[in-house]
Amino acid sequence: MARKKKRIGILTGGGDCPGLNAAIRAVVRTAEVEFDMDVVGFRDGFEGLVQNKYFEITLSQASGLLARGGTILGTSNRSDPFNYPVLQGDNEEYVYLDRSSQAVRNFESLGLDCLIAIGGDGTMSASARLIEKGIPIIGIPKTIDNDLVGTDVTFGFDSALVTATDAIDKIHTTAQSHHRAMIVEVMGRYTGWLALSSGLAGGGDIILLPEFPYDIEAICEQVRVRNARGKTFSIVVVGEGARQQGGELVFRSKIKQSSESTRLGGISHQVAAQIEGLTNIECRVTILGHLLRGGIPSAYDRILATRFGVEAVHMAEQGSFGSMVTLQGSKLGTIPISEVAGKMRPLTVENSLIKTAVSLGICLGVPVGEDLNKYYENPIPEDTASAASLAAANSSE
Ligand code: F6P
């Protein structure tokens, strides 16, 4: 008897990043060419699963995607099926409903064997709960923040790093001409992977990370020491989740419909005002923001996204569900999605990039030469880690 053709669903959730289309292409090609499977793409992340918005992705639709930024599926970071925003009433106010059973019904009605969910911690948290409700899911990790547990690297990170490094290189020349301290703020949410890596690659003199709440005197001292050495400019790279010792995080907006409702951004203005006030050196601020999420994926991300996509389809063929694909060193592996959900991976004092920065005499916002352990604080806010479960506890279908 002929074997039933397998049918897999795919969606991209959370903030977009370069490499999503490369991963979609890899999934569709492997599914069709190696295993003769059909692929159904859900539009706009979990919104498509809840609202049954989907299309069959053929090989020809997946062609030409390797180098294209964004995602042909669309994405959303406001569509948690367990805390789904719905406009209600004459005032069109949002209420939050548990639409997860609808998501399961839609999945089943399409006759799918499994769902490949490409996303960050929000997508993995929702996936973990959908797995409990019976949807067989395979995760693929993406985010420019590189903050997912279980994998050394997420795709999207390297492309954002290339963009940030290019920006810092450009800032360097104008900093030199005007003898200014230039503050460059990069995304990365509550962890400093992108700030530290781009700071190292771009030759930052001071790098402020969420993991080390900063001491403004230590920063100004580094600027003064450089001036005394004849270096009349400084480059300060700031992660958006950085904050002063004893100070607060700086947020640029609140988005009610998102299960993680706050958006970081703007701390660099505070840093600039403080440096200018204490040193009389002129400062300027550049916030790179969503520029870091756009554009074509780097060669590294194209390859990583492709490897993840191929591996996810191999797992689908083997019936190995409930795990996320990972990269450990240079080897692909897997981790149960339940172990990824609701967690983030901060930098640690032992991280080799931190040690590299220390050896170079880069100021990490605390006095140069002192024991970093004294200053380290886990930057992950508890309420963010449990946001998904809190949201779910407050909603009903
Ligand atoms: O998680 C990716 C990311 O770009 C973060 O670095 C940033 O804090 C956040 O998403 C921005 O989200 P939004 O696109 O909703 O403004």
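In this predicted model, helix 6 (residues 193-201) and helix 11 (residues 352-359) pack with their axes 10 Å apart and at an angle of about 40°. That angle makes helix 6 oblique to helix 11, and the crossing of the two is left-handed.

**Helix 6 with helix 11**

- On the side of helix 6 the contact is made by Leu 196, Ser 197 and Leu 200, while helix 11 brings Leu 353, Ile 354, Thr 356 and Ala 357 to it.
- Sorted by class, the residues of this contact between helix 6 and helix 11 are five nonpolar, two polar and no charged.

**Helix 5 with helix 6**

- Helix 6 also meets helix 5, and here the two axes come within 9 Å and cross at roughly 45°, which makes helix 5 oblique to helix 6.
- Helix 5 passes helix 6 in a right-handed crossing, and the contact draws on Phe 157, Ala 160, Leu 161, Ala 164, Thr 165 and Ile 168 of helix 5 together with Trp 193, Leu 194, Ser 197, Ser 198, Gly 199 and Ala 201 of helix 6.
- By class, the contact of helix 5 with helix 6 comprises eight nonpolar and four polar residues, with no charged residues.
- Thr 165, which is found in helix 5 (residues 157-178), is buried, with a relative accessible area of 13%.
- Once its neighbours within four places in sequence are left aside, Thr 165 is in contact with Ser 198, Ala 201 and Gly 202.
- Thr 165 and Val 39 stand 126 residues apart in sequence, and their C-alpha atoms are 37 Å apart in space.

**Helix 7 with helix 8**

- Helix 7 (residues 216-228) and helix 8 (residues 267-279) pack with their axes 10 Å apart, at an angle of about 60°; since angles of 65 to 115 degrees would count as roughly perpendicular, helix 7 and helix 8 are therefore oblique to each other.
- The crossing of helix 7 and helix 8 is right-handed, and the residues that make the contact are Ile 216, Glu 217, Ile 219, Cys 220 and Arg 224 from helix 7, with Val 271, Gln 274, Ile 275, Leu 278 and Thr 279 from helix 8.
- The contact of helix 7 with helix 8 has two charged residues by class, alongside six nonpolar and two polar ones.

**Residues with a positive phi**

- Most residues other than glycine have a negative phi.
- Asn 280, although not a glycine, has a positive phi of about 65°, and its place is in the loop between helix 8 and strand 13 (283-287).
- With a relative accessible area of 73%, Asn 280 is exposed.
- Asp 36 is likewise not a glycine and has a positive phi of about 55°; its place is in the loop between helix 1 (20-34) and strand 2 (38-42).
- Asp 36 is partly exposed, with a relative accessible area of 44%.

**Two further residues**

- Ser 323 has its place in strand 14 (residues 323-328), where it is buried, with a relative accessible area of 14%.
- If residues up to four places away in sequence are not counted, Ser 323 touches Ile 137, Ile 138, Gly 139, Met 315, Thr 334, Ile 335, Pro 336 and Ile 337.
- Glu 382 lies in helix 12 (residues 382-385) and, at 72% relative accessibility, counts as exposed.

**The chain as a whole**

- A compact globule with 397 residues would have a radius of gyration near 21 Å, and the chain has 22 Å, which agrees.
- The C-alpha trace of the chain spans about 80 × 50 × 35 Å along its principal axes.
- Of the 397 residues of the chain, 57% count as buried.
- Among contacts in the chain between residues at least 6 apart in sequence, 73% join residues that are at least 24 apart.

How values were computed:
Residues are numbered from 1 along each chain as its sequence is written. This is a predicted model: local features need pLDDT of at least 70, side-chain atom pairs count only at pLDDT 80 or more; totals for chains, interfaces and linings use all residues. Side-chain values use heavy atoms; hydrogens and water are left out. Axes are lines fitted to C-alpha atoms, for helices over the stretch in contact, and angles run from 0 to 180 degrees between N-to-C directions. Helices (H or I, at least four residues) and strands (E, at least two) are DSSP runs, numbered from the N terminus. Angles under 35 degrees count as roughly parallel, over 145 as roughly antiparallel, 65 to 115 as roughly perpendicular and the rest as oblique. A crossing is left-handed if the near helix is turned anticlockwise from the far one by less than a right angle, and right-handed if clockwise. Contact means heavy atoms within 4.5 Å. Ala, Val, Leu, Ile, Met, Phe, Trp, Tyr, Cys and Pro count as nonpolar, Asp, Glu, Lys and Arg as charged, and the others, Gly among them, as polar. The radius of gyration is taken over C-alpha atoms; the globule rule is 2.2 Å times the number of residues to the power 0.38. Buried means under 20% relative accessible area, exposed over 50%, partly exposed in between (1.4 Å probe, protein chains only).
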